[in-house]
Amino acid sequence: MKKTDIRNLYLQNKRKKIISIIGNHASIYFIIVTISICLLLIGSLFPQILIDKNIRESIPVFESEGSYPHIGDKQESSKLDNFTDSLILMESATMQMKELQTIFSNPMYFKSNPATEFSDFIERREAESPTGYYVRYWMGFRTPVRLCLVFMNYSQIRSLLAWIILGLLITVSFYIARYTDIRTGILFAVSIIFIKPQVLCNSLQFSCCFIIAMLAMLFIPYVIQKEKETIFFFALGMVTMYFDFYTSPLVVLGYPLIFWILLKTYEKPQIRASLFLMIEWMIGYGMMWLTKLLCATIFTEVNGFVNGLSSFAMRTGIIKRADLMDYYGVNKAFHALKKVILPDFNTTLLVCVILIGIFVTLVIGLVRNRKRQKLCTRYITLFFPIVVMIVWYMVAAQPTTIHAYFQYRNIAMAIWGGNMFFSLVIYPIKNKKVSSN
């Protein structure tokens, strides 16, 4: 066979492969978008009279707790966001089949603070026009929240959240240990404990991404066996955008990715593949957001692209709002995160001692055993999610500065990845190989 024939055959096969990849992604994209819209339609069919009944029963919680109560202590990391949770309940109770546009327009019925205006929300919803529209978010959480509101009030939903998060934490920790070792499962649990799960259990907003991340981790071994990692992370990015109210979306990327990397430690460093999976997640996340803006523009009176892109420009500092000038700047974002993570001198001292101890131990281990130097390269991909987290905070400096008390929770996956790098270099993992078909 001539060289030109070989080259033509190679190009033809490559072209077919690219077309196949695009086709698979397009299929998954349309399937997820279709399911997403259907779920919202189904959610709007739930009996409104029962939902409104439980909304009324939820009023005392917000009247007694206020907008930003604390759990356990007065640290910023212990603060709840009842402002947003009351908004989530309002938006869920507003989505109705009789007003189909509400599925995409996300109308709001409060003037300044939904938590303090929650008591007469239903009356205002029936008698007044919306005060605004939250079209830039899918708010996919509305369907499961409406389902919960059929049977329970906000306090009971919190109890359900506690059982879900505790059950997932135990299940996923043992699941990780099964495929790796007990050390890995324990360090995963520690990373969750660091960001105060007792706060997650009391917040619809804070718990969402961690529930998605832990559920996704249960599929990682299967995804590896079927060699469907790229499609999986693409779909995971779409699911994250659909459900999240912009709290800590990176844990949905970081936790499954770290678990995937750990299950690949018997192979050579997965640098290219890890980068590709992160890009897949980001593409899925971005495409799902643009799709929501498109749906809002088509099915509502609000121009979704103008609303969403102008908000994005202000959040990233492309356009700076005069009333929020104090919150722009990368240095301000990281200073706000530091105040949440290291709230006092004793905590700062303890963390510094631990980090110095880890660094010294690592250096001594590398000097005494040259084989461990190769392990540093082998496990370097564990730092990729951490790099993404840092860049994310830099780009989204304004919302990070304002909401550092919950945005900091992205660091949970960085804690797991960093601790695993250290422990694996000192004592390599002997995980069970997950075979591919």
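**Briefing: helix packing and selected residues**

Ile28 is partly exposed, with a relative accessible area of 23%. This residue belongs to helix 1, which covers residues 3-43. The model described here is a predicted one.

**Helix 22 with helix 8**

- Helix 8 (residues 182-194) and helix 22 (residues 411-426) have axes that come within 8 Å and cross at roughly 150 degrees.
- Angles over 145 degrees count as roughly antiparallel, and helix 8 and helix 22 are therefore roughly antiparallel to each other.
- The crossing of these two helices, helix 8 and helix 22, is right-handed.
- From helix 8, the residues in contact are Arg183, Thr184, Leu187, Phe188, Ser191 and Phe194. They meet Ile411, Ala412, Ile415, Trp416, Asn419, Met420, Ser423 and Leu424 of helix 22.
- Sorted by class, the contact of helix 8 with helix 22 has nine nonpolar, four polar and one charged residues.

**Helix 22 with helix 13**

- Helix 13 packs with helix 22 at an angle of about 20 degrees, and their axes are 8 Å apart.
- Angles under 35 degrees count as roughly parallel, and helix 13 and helix 22 are therefore roughly parallel to each other.
- The crossing of helix 13 and helix 22 is left-handed.
- On the helix 13 side, the contact is made by Leu250, Val251, Gly254, Tyr255, Ile258, Phe259 and Leu262. On the helix 22 side, it is made by Ala412, Met413, Trp416, Gly417, Met420 and Leu424.
- By class, the contact of helix 13 with helix 22 has 11 nonpolar, two polar and no charged residues.

**Helix 19**

- Helix 19 runs over residues 384-395 and has 12 residues. From its first C-alpha to its last, helix 19 reaches 17 Å, close to the 16 Å expected at 1.5 Å a residue.
- Phe384, Pro385, Ile386, Val388, Met389, Trp392 and Tyr393 are the buried residues of helix 19.
- The cover over these buried residues of helix 19 includes helix 13, helix 14 (271-299), helix 16 (330-341), helix 20 (397-402), helix 21 (404-407) and helix 22.

**Residues with positive phi**

- Met139 is not a glycine, yet has a positive phi of about 55 degrees. Met139 lies in the loop between strand 2 (132-133) and helix 6 (142-151).
- The relative accessible area of Met139 is 0%, and this residue is buried.
- Tyr246, also a residue other than glycine, has a positive phi near 50 degrees. The loop that holds Tyr246 lies between helix 12 (229-243) and helix 13 (250-262).
- Tyr246 has 17% relative accessibility and counts as buried, since buried means under 20%.

- Leaving aside residues up to four places away in sequence, Ile28 touches Ile231, Phe234 and Ala235.
- Ile28 and Phe384 are 356 residues apart along the chain, and their C-alpha atoms are separated by 26 Å. Phe384 is one of the buried residues of helix 19.
- Phe121 is placed in helix 5 (residues 121-127) and is buried, with a relative accessible area of 0%.
- Not counting residues up to four places away in sequence, Phe121 touches Ile55, Met90, Ala93, Thr94 and Tyr109.

Note on methods: Residues numbered from 1 in each chain as written. Predicted model: local features only at pLDDT ≥ 70, side-chain atom pairs only at ≥ 80, totals over all residues. Heavy atoms only, no water. Axes fitted to C-alpha atoms, helices over the stretch in contact; angles between N-to-C directions. Helix = DSSP H or I, 4+ residues; strand = E, 2+ residues; numbered from the N terminus. Parallel < 35°, antiparallel > 145°, perpendicular 65-115°, else oblique. Left-handed = near helix turned anticlockwise from the far one by under 90°. Contact = heavy atoms within 4.5 Å. Nonpolar A, V, L, I, M, F, W, Y, C, P; charged D, E, K, R; others polar. Buried < 20%, exposed > 50% of the residue type's maximum accessible area, 1.4 Å probe, protein only. Expected span 1.5 Å × (residues − 1).
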